[in-house]
Amino acid sequence: MRAGHITVDNVGFTYGAASALAQLASAESDAEVGVDIADIDLDIPPGSAVLLCGPSGSGKTSLLRLLGGLAPQLHPGTASGSVTVSGREMTTLDVHRVVEVAATVFQNPRTQFFTTEVAGELAFGLENQAMERAEILERIRAAVAVTGIAGLIDRRLDSLSGGQLQLVACTAALAQRPDVILFDEPSSNLSPASIEILSAVMRGLREAGHTLVIAEHRLAYLDGIIDRAVLLDDGRVREDLPAAQFFALSDEQRRAKGLRRLRAARPAPPSVPASAAHTDGGLVVENLRFSYGRTLVTDLDRMEFPRGTITALTGPNGVGKSTLARLICGLAKQDAGTISLDGRALRARERNRAASMVMQDVGRQLFGETVAADITMGLSASARTALDLPALLEATGLIGLEERHPQSLSGGQRQRVAIAAAAAQDSPVCLFDEPTSGLGFSHLVGIAAQMRALADRGAVVIVITHDDELIAEAANSVITLTPPLTRKG
Amino acid sequence: MSVASTSNGPALSEDTAVAETHSPTPGDLDSAFRSPARIPDPRTILIVLIVINATVLASTSQILAYTAVLLAVICLATVRPRYALTALSIAATGTALALAAVAWPLPVLVFVGVIGHWTMRFTATAAFAVYALIAIRPSVLVAALRRVHLPRFVVVPVTVIFRMFPTILREAGAVRDAMTLRGLHPDPLSFLVHPIRTGELLIVPLLTSVIRSGDELTAAALVRGLGRPERPSSVFTLRFTSADVLLGLAGLGLIVLAVTTGGRAG
């Protein structure tokens, strides 16, 4: 059996009963908490690159876990059939031997590193294999030359952007010199510029002869990298297409398959008209300045966010989008300038009350013991009586879930609880932080509709996003932030 | 394969994610795997930390206390000059209050003077502890712990503490933000008035998100060979430099001072 050859022979996987705590803590997108798969047959020749795609809940993550020695080792369940990588049977391989054949680049750049600095992280997998120092340095040198992160090597990991972290993860994987590199939605948290670099690096890995398997929702950047696309649905392989045929699918065809765009979005101006009823009033930011220590992060002359409008806030990682959101919500106080709503300047405390935010990591903002309790939490008695909860549950697709613990729901459901809570608060300003990261096409359409509903009620809706597809689907206007000219004072 | 140059590779271009760094210094591999020469070995720092605590708290000698403050401030100045200045002013204020109490022994002044005296002493230990936290790189510490043959059940938790502590702080901050926006007021007052309710609101989302991070972290570490039967190697260079000699001598000086001057506290 040749190095880098993957065979999947009549494979199925059924998740075992996870502990209650594990279920609570599970963050995975929508139904992918544990999608059982069955009857999977694949043969991936050495040096080829294969895409696993399909709607949320199709089982692509489960399949990737089997290939990467993560299931059943770390995600308990029953595997049937045989998965081999370079001739090793993955379903029974000791988890600490996985490092010898396969490396996985995970979705979340913040939770895949075991150390606190780039250099230590690159060495981690090699030190664990008790390699000689000279060998480790040589491998890191070679890997860094491919990914181009020499400038980052003496940095702390917490000082890096998401895009930079994914490059570090790729470098660490490469330094291991594995036969196979697996990617679990690596672009989920990245800006378009970072995705471009990631794609260049993946091309480099391919040319270096590694077998690549990529589970992904965002597809356009993989054109030119992959040889084949395997479409999964409902835990089974539905189609196995050569790349040329896959990328030639029409827009209607890919929508019907629940896939995201196959070609990069044209930077066309947003075509969605704003709600005409609410063009008066809105949020205005003027002469806003904010610094962390001596680093000027925010320096804006004027910016308008009208009511009834969905405004997308974009720009490279680290440009200060999140800081601007924190300023708007009053979680940070500006050094100078005003933030006013309908012509009245608001202090930070007032902005706390006026704004609600749907966070990227939505589990952090669910406090109630039940969905219904969470949605009404923090409301005044009068607001509580005025609220039409059944209608709100209906509108957010949460009917039947009102008695569940919000932390026990899937990622998409939890996000809808947070949206419902924002709607119940009737906040004039609603912010969304990267609401579609790591989520599939149907989810994207759903979130666009939820934002539209909030805007139609007359709210100022601001969405921080890198996702061109979401912008095209939902935004009425786009503001691209650029770094302040004076970075350091 | 030989790759002599560590210059930026092909993927690096101006408008890239990598260029998003504010000051991309060209990395030199070897220097990335050792601390600068002015930083002593973690073992030296930890031993002197123990010496400072033991001597300053066990001996009543004023000279010893001043010397310890001076040592801690100098060390801190090599990594964070501004922190050193803060520590120095705190210690100076404490000393001034203590001296004032000696000069004018009024009841109020004596009370304040005793507090000032102990503030000065604790500044020595606190400033050096802060220095240790800043100066010791986690990776170098792990290398040092491995070098002295500490078992894995000691080394791995140390790594995890360094790794998870900032995560927990970040998650707690995010949960607090969310509470603020929901009007759930996570201020100190509400902790006093409704300790259980406020604690519960904070703890449940915090626990779920930290556990989730922990699970993902564990998976990522295990598939990269954490827990393999062989003893891990270490790519970080440990070497004793003149900084270790200086710090070691200073620690020795403290012990000598403690033995030769002053009486014993308590």
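Predicted model: local features only at pLDDT ≥ 70, side-chain atom pairs only at ≥ 80, totals over all residues.
Two strands count as paired if DSSP finds at least two bridges between them.

**Entry 1: the hairpin in chain A**

I went to β4(A) and β5(A) and asked how many bridges join the two. The count is two, with the strands running antiparallel, so the pair just meets the cut-off of at least two bridges. β5(A) covers residues 88–89. I then looked up a bridge partner here: V85(A) goes with R88(A) in β5(A). Which residue of the turn takes a positive phi? It is S86(A), near 50 degrees, in a hairpin that leaves two residues between its strands.

**Entry 2: the other partner of β4(A)**

β4(A), residues 77–85, also pairs with β1(A), residues 6–15. That pairing is antiparallel as well, over eight bridges. As an example I noted D9(A), whose bridge partner in β4(A) is S82(A).

**Entry 3: domains of chain A**

I found chain A split into domain 1 (6–256) and domain 2 (276–480). Their C-alpha centres sit 32 Å apart. At the boundary, 23 residues of domain 1 of chain A are in contact with 18 residues of domain 2 of chain A. On the domain 1 side, I listed the elements that give two or more residues: α1 (20–25), α5 (162–175) and α6 (192–207) of chain A.

**Entry 4: confidence in chain A**

I checked pLDDT next. The mean for chain A is 88, and 92% of its residues reach 70 or more. One stretch I flagged is residues 25–32 of chain A, where pLDDT stays under 50. The model still has 28 contacts beyond four places in sequence for that stretch.

**Entry 5: chain B, overall**

How many helices and strands does chain B have? I counted ten helices and zero strands. Of the 266 residues in chain B, 38% are buried. I also looked at contacts with a separation of 6 or more: in chain B, 69% of them join residues 24 or more positions apart.

Chain B is divided too, into domain 1 (42–136 + 240–260) and domain 2 (140–222). I noted that domain 1 of chain B comes in two segments. The centres of the two domains of chain B, taken over C-alpha atoms, are 31 Å apart.

**Entry 6: annotated spans in chain B**

Residues 45–76 of chain B are 91% helix and 0% strand, with end C-alpha atoms 12 Å apart. Residues 124–145 of chain B are also 91% helix and 0% strand, but there the end C-alpha atoms lie 26 Å apart.

**Entry 7: where B meets A**

Last stop, the interface. I have 67 residues of chain B in contact with 81 residues of chain A. On the chain B side, the elements giving two or more residues are α1 (29–32), α6 (138–147), α7 (152–181) and α9 (195–222) of chain B. Which of them gives the most? That is α9(B), with 15 residues. I sorted the chain B side by class and got 33 nonpolar, 20 polar and 14 charged residues.

How values were computed. Residues numbered from 1 in each chain as written. Chains lettered and ligands numbered in written order. Contact = placed C-beta atoms within 7 Å. Helix = DSSP H or I, 4+ residues; strand = E, 2+ residues; numbered from the N terminus. Nonpolar A, V, L, I, M, F, W, Y, C, P; charged D, E, K, R; others polar. Domains from an automatic or database assignment. pLDDT = per-residue confidence, 0-100. Buried ≥ 20, exposed ≤ 12 C-beta atoms within 10 Å, placed from the backbone.
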